[in-house]
Amino acid sequence: GVACAPDGGGGTTIATAGARSLKLWRLDGSSLKLWRRAELSPAKPGVAGGGGGVREPTLCCVAYLRSGLLIAGTSRGEIWSWAAGGELVSRLRVHAGPVFALQCHPEEDWVLSGGKDGRLRLWGPAVWERANASTPTAPAQAAPVRMLDLRSLAAALTDVAGRPRLLGPPCLRAIHWVGERMLVGTRAGEL
């Protein structure tokens, strides 16, 4: 995943996430430089996979909140968050499978998350405030403001001939916020 945010100095910070890595880049004009590798394990800061033998998850998607907090969805169904300097500040268990999609509201710290479990969840600003006060060594539980289970909706979707439109449970892969509405894309290419 890739996410961008202004860095406050006229440039842009770019976060790239992947298999057990999160890199922060700085773009100033036409110059792109690796700024730092973000902390993935509080047990050994700055070193990916340094959690004392615990294998770190794949980071599936990333996004910046308006407040500057960087968040990432993991293959373990968690959302991790980092401070502006790349320090891991929280881990929240939010889905029953990988989190493949995150979308932040452009004006407030509201976040939509979606994943393999077929659920779309809305997280309010209070979740990130509480998360920043917790410890990142173990994932905390969090309750969404709203949850929409697309598995029950998918069962009711049929084409013009009455056949099921989805051949399996929906796996949410992309979310886009448009005003008060959202578009949700699935692994099967459905919207």
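## The β5-β6 pair and its sheet

β5 and strand β6 (residues 70-74) run antiparallel and share five bridges; helices (H or I, at least four residues) and strands (E, at least two) are DSSP runs, numbered from the N terminus, and two strands pair if DSSP finds at least two bridges between them. Within this pairing, C61 faces G73 of β6. A word on the source: this is a predicted model, in which local features need pLDDT of at least 70, side-chain atom pairs count only at pLDDT 80 or more, and totals for chains, interfaces and linings use all residues. Residues are numbered from 1 along each chain as its sequence is written, and side-chain values use heavy atoms, with hydrogens and water left out.

Both strands belong to an open sheet of five strands, ordered β5-β6-β7-β8-β12, in which the pairing is mixed. Where are the edges? They are formed by β5 (59-64) and β12 (140-141). Each has a single partner strand, so one side of each has no neighbour in the sheet.

## Around β11

β11 has antiparallel links to two strands. Four bridges tie it to strand β10 (residues 111-115), where V111 is the bridge partner of W123. β10 and β11 make a hairpin with three residues between them, and G118 in the turn has a positive phi of about 75°. Another four bridges join β11 to strand β13 (residues 146-149), with L120 partnered by L148.

## A second hairpin

Strand β14 (residues 172-178) and strand β15 (residues 181-186) are antiparallel too, over six bridges.

## Rings and charges

How many aromatic pairs does a search of the whole structure find? The answer is one. Rings of Phe, Tyr and Trp (its six-membered ring) pair if their centres lie within 6.5 Å; planes under 30 degrees apart count as stacked, over 60 as edge-to-face and the rest as tilted. The ring centres of W80 and W82 are 6.2 Å apart and their planes stand at 50°, so this pair is tilted. W80 is buried at 1% relative accessible area, and W82 is buried at 0%.

R26 lies over the face of W35, at 4.0 Å from the ring centre. R173 lies over the face of F100, also at 4.0 Å from the ring centre.

## S31

S31 is found in strand β4 (residues 31-37) and is partly exposed, with a relative accessible area of 30%. S31 and G11 are 20 residues apart in sequence, and their C-alpha atoms are 9.8 Å apart in space.

Conventions
Buried < 20%, exposed > 50% of the residue type's maximum accessible area, 1.4 Å probe, protein only. Lys NZ or Arg CZ within 6 Å of the ring centre and 35° of its normal.
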